[in-house]
Structures are given as C-alpha cells and as structure tokens.
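Dear colleague,

Please find below the structure I promised to hand over. My notes on it follow directly after it.

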Amino acid sequence: MNPTCRNLCLNMKFLRANWNVCKVQDFIAINRCFKCLGYHHKAADCQNGLCCFKCAGEHKNWSPVYLDTNSKSETWFSPLSDSRGTKLAEFISAHNLFVVNEDCGPTFCGSRGSSYIDVTAVGTDLLEDVSCWHLPAYDSLSDHKAIEFDIALNSNSPSNDGDSCMLQSEKA
C-alpha cells in the first residue's frame with residue numbers, strides 16, 4: 001500500500017467493506033532470524049553462523065521452553081484442540097520452535113479433571129538432541145505431573161569437556 005493510502009486509512013480508524021465495518025490499526029512485521037539473530041530473514045533461509053541469544057557466542061542455545069499453557073492442541077497430544085491451543089501452536093511454529101512432548105497421557109490431573117496443558121518446546125538447534133520425554137511415575141506434589149527428558153550434549157556445547165554426556169531435566 002502506498003504511504004498516502006496508508007495514512008488515509010489510519011486516520012479513518014474504520015473502513016467499510018460491503019456490509020462489514022473493519023477497525024484499522026498500523027502493523028509492521030519485523031522478521032528476525034532465530035539462528036543468527038539478524039533481521040529481515042528466517043532461520044530456514046539463513047546463510048550466517050549460529051548465534052546464542054543469551055551471550056552472542058557461536059554455540060547452541062541450550063534453553064528448552066517449559067509452558068503451562070492452559071490450552072489444548074493435538075500438537076501436544078491433547079485429544080481436543082481449542083482456540084488458545086491453535087493460536088499457541090501457530091506461535092510456536094512461527095518462531096521456529098518444536099514441541100517435544102510425547103503421548104504419555106495428561107500432564108495435569110486435578111479434582112475437576114485432567115488435560116494435556118504442559119508443553120516443552122525447543123529450537124532447531126536443540127531438536128535433534130532431545131530424547132526420552134516422559135512423565136515419571138513418582139508424585140510431583142502438584143496437580144501438574146513431573147516431566148523429564150534427556151538432552152545429549154556434544155562437542156558444540158558451551159560446557160563441553162570433550163566427552164559426550166547426557167543432561168537430565170526435570171519439571172516439578
């Protein structure tokens with residue numbers, strides 16, 4: 001849209017199209033690469049080196065994302081999806097994250113029922129290294145079940161001592 005039309009539309013606040021009245025707001029999309037942290041391209045198209053978003057070092061970002069989403073989506077094995085789950089699944093996908101949940105049953109069990117609302121997501125830099133996502137049998141002392149998974153550390157790890165090792169993460 002050319003700048004003159006854009007300014008006219010923004011000043012009108014509402015546009016009428018057929019029998020619909022649409023609110024007008026300014027929106028500027030800024031693409032950011034989650035591989036090199038550069039702008040105006042996506043990680044899938046990135047030709048640059050890997051960059052950690054915490055320290056700007058050239059290594060993998062070893063930070064899984066743990067979410068109590070209060071939403072349902074088949075992406076994390078909920079039998080039903082809701083609008084919140086659909087929006088969150090779209091957000092996760094748009095930000096080059098991947099849900100690593102396995103189909104181990106509901107992650108929340110309360111007095112009013114159970115559901116699959118806890119999500120573990122990782123970026124492409126960690127996706128191949130995550131395995132054994134499961135809900136252990138021990139009690140977590142919470143309505144949310146404990147979640148465990150393994151992360152294989154390799155030679156690209158910032159804390160590597162030269163040998164391969166396994167890092168176990170728990171959520172209470």
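How much space lies in the largest pocket? The answer is about 450 Å³, where a pocket is, on a 1 Å grid over the protein atoms alone, an open set of points where a 1.4 Å probe fits, with protein on both sides within 12 Å along at least five of seven lines, and where a volume is the space filled by probe spheres set on the points, which are joined across faces, edges and corners.

Before going on, please note that this is a predicted model, in which local features need pLDDT of at least 70 and side-chain atom pairs count only at pLDDT 80 or more, while totals for chains, interfaces and linings use all residues. Residues are numbered from 1 along each chain as its sequence is written, and side-chain values use heavy atoms, with hydrogens and water left out.

The largest pocket is lined by 20 residues (those with an atom within 4 Å of a point), of which Phe34, His95, Asn96, Gly123 and Asp125 are the closest to its centre. Both β7 (118-123) and α3 (124-127) supply at least two residues of this lining; such elements are DSSP runs, numbered from the N terminus, with helices (H or I) of at least four residues and strands (E) of at least two. By class, the lining has 11 nonpolar, 6 polar and 3 charged residues, with Ala, Val, Leu, Ile, Met, Phe, Trp, Tyr, Cys and Pro counted as nonpolar, Asp, Glu, Lys and Arg as charged, and the others, Gly among them, as polar.

Strand β7 also belongs to an open sheet of 3 strands, in the order β3-β7-β4 and with antiparallel pairing, where two strands pair if DSSP finds at least two bridges between them. Because β3 and β4 (97-99) stand at the edges with a single partner strand each, one side of each is left without a neighbour in the sheet. Between β4 and β7 there are 3 bridges, and Phe98 stands opposite Val122 in β7.

The structure also holds 1 salt bridge (a side-chain nitrogen of Lys or Arg within 4 Å of a carboxyl oxygen of Asp or Glu). In this contact the side chains of Arg6 and Asp26 meet at 2.5 Å, N to O. The pair links distant parts of the chain, 20 residues apart, with Arg6 in helix α1 (residues 3-12) and Asp26 in the loop between β2 (20-23) and β3 (65-68).

With kind regards
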